[in-house]
Amino acid sequence: MALIKCKECGKEISSEAPTCPGCGTPIKTPRKGLGCGGIFIIIFIGIIVLYYIGDAVVKSTTPTQKKYTSKIISTPSPTRDEVGEHIEKYRRLQPERKKFIQEFLNDGTIIKITKNAQYPHVFVGAKFYTLTYDNKELLMQLIRLTYMTDDREADIVSIYDGYSGKQLGRYDEYGLHLD
């Protein structure tokens with residue numbers, strides 16, 4: 001408790017007193033908390049942050065990716081037998097798939113793809129981590145279909161961090177499995 005002077009009569013009074021006991025003038029105490037203006041500012045800043053985050057998510061999927069995924073990738077992921085039954089359809093789409101994978105290699109989403117023994121190994125870059133789970137799954141399905149069209153036994157895609165070499169997960173006919 002501090003003593004302050006009343007603005008009207010000049011008498012010393014407690015800073016916690018609601019009014020001056022000498023003249024009855026109300027004592028204005030500093031506000032505590034944010035108040036309406038503070039809450040408005042926080043909400044406004046939150047909206048701006050959400051706008052920029054949403055814009056970044058939308059930009060992480062290019063128009064080419066959106067067009068391609070709806071045109072060439074089938075959901076759910078086909079089994080080896082289904083690829084075998086429709087091999088001509090899958091072969092016909094092979095050039096488009098390879099072109100699309102090259103776009104991901106060029107923009108750094110994928111650093112490299114190797115085929116060790118039977119299965120493709122995908123080494124991903126930093127941009128891969130910015131993709132949504134669904135886009136990661138579609139990308140891995142695309143790679144699986146590309147390799148399975150040439151070799152039906154190549155039905156599992158192993159995913160590795162391109163910098164550390166650590167295995168991140170795999171993609172098979174049941175979907176994406178991240179560690």
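This is a predicted model: local features need pLDDT of at least 70, side-chain atom pairs count only at pLDDT 80 or more; totals for chains, interfaces and linings use all residues.
1. R144 is buried, with a relative accessible area of 0%. Buried means under 20% relative accessible area, exposed over 50%, and partly exposed in between, with a 1.4 Å probe and protein chains only. R144 sits in helix α6.

2. Residues are numbered from 1 along each chain as its sequence is written, and side-chain values use heavy atoms, with hydrogens and water left out.

3. The overall layout. The chain has six helices and seven strands. Helices (H or I, at least four residues) and strands (E, at least two) are DSSP runs, numbered from the N terminus. From that end, the order is β-β-α-α-α-α-α-β-β-α-β-β-β. Of the 179 residues in the chain, 34% are buried.

4. Salt bridges. The structure holds two. The term means a side-chain nitrogen of Lys or Arg within 4 Å of a carboxyl oxygen of Asp or Glu. Side chains of opposite charge can pair when their charged atoms come close.

5. K127 forms a salt bridge with D107, and their closest N and O atoms are 3.4 Å apart. This pair links distant parts of the chain, 20 residues apart. K127 is in the loop between β4 (119-124) and α6 (133-150), and D107 is in the loop between α5 (94-106) and β3 (110-116). K127 counts as partly exposed because its relative accessibility is 34%. D107 also counts as partly exposed, at 31%.

6. R170 and D172 form a salt bridge as well, at 3.4 Å from N to O. D172 has a relative accessible area of 10%, so D172 is buried.

7. A nonpolar surface patch. F40, I41, F44, I45, I48 and V49 make a patch of about 580 Å². Patches are made of residues with over 30% relative accessible area and no salt bridge; like charges are joined within 9 Å, nonpolar side chains (Val, Leu, Ile, Met, Phe, Trp, Tyr) within 5 Å. Accessible areas come from the Shrake-Rupley method with a 1.4 Å probe. V49 lies in helix α1 (residues 35-59). V49 counts as partly exposed because its relative accessibility is 43%.

8. The largest pocket. About 170 Å³ of space lies in this pocket. A pocket is an open set of points on a 1 Å grid, with protein on both sides within 12 Å along at least five of seven lines; lining residues have an atom within 4 Å of a point. The lining is I4, K5, C6, K7, T25, P26, I27 and K28. By class, that is four nonpolar, one polar and three charged residues.

9. Two further contacts in space. Y119 lies in strand β4 and is partly exposed, at 27% relative accessible area. Y119 and D155 are 36 residues apart in sequence, yet 6.9 Å apart C-alpha to C-alpha. K166 is in the loop between β5 (157-161) and β6 (167-172). K166 counts as exposed, at 54% relative accessibility. K166 and F123 are 43 residues apart in sequence and 9.3 Å apart in space, C-alpha to C-alpha.

Technical notes: On a 1 Å grid over the protein atoms alone, a cavity is a set of points where a 1.4 Å probe fits but cannot get out, and a pocket is an open set with protein on both sides within 12 Å along at least five of seven lines; lining residues have an atom within 4 Å of a point. Grid points are joined across faces, edges and corners, and a volume is the space filled by probe spheres set on the points. Ala, Val, Leu, Ile, Met, Phe, Trp, Tyr, Cys and Pro count as nonpolar, Asp, Glu, Lys and Arg as charged, and the others, Gly among them, as polar.
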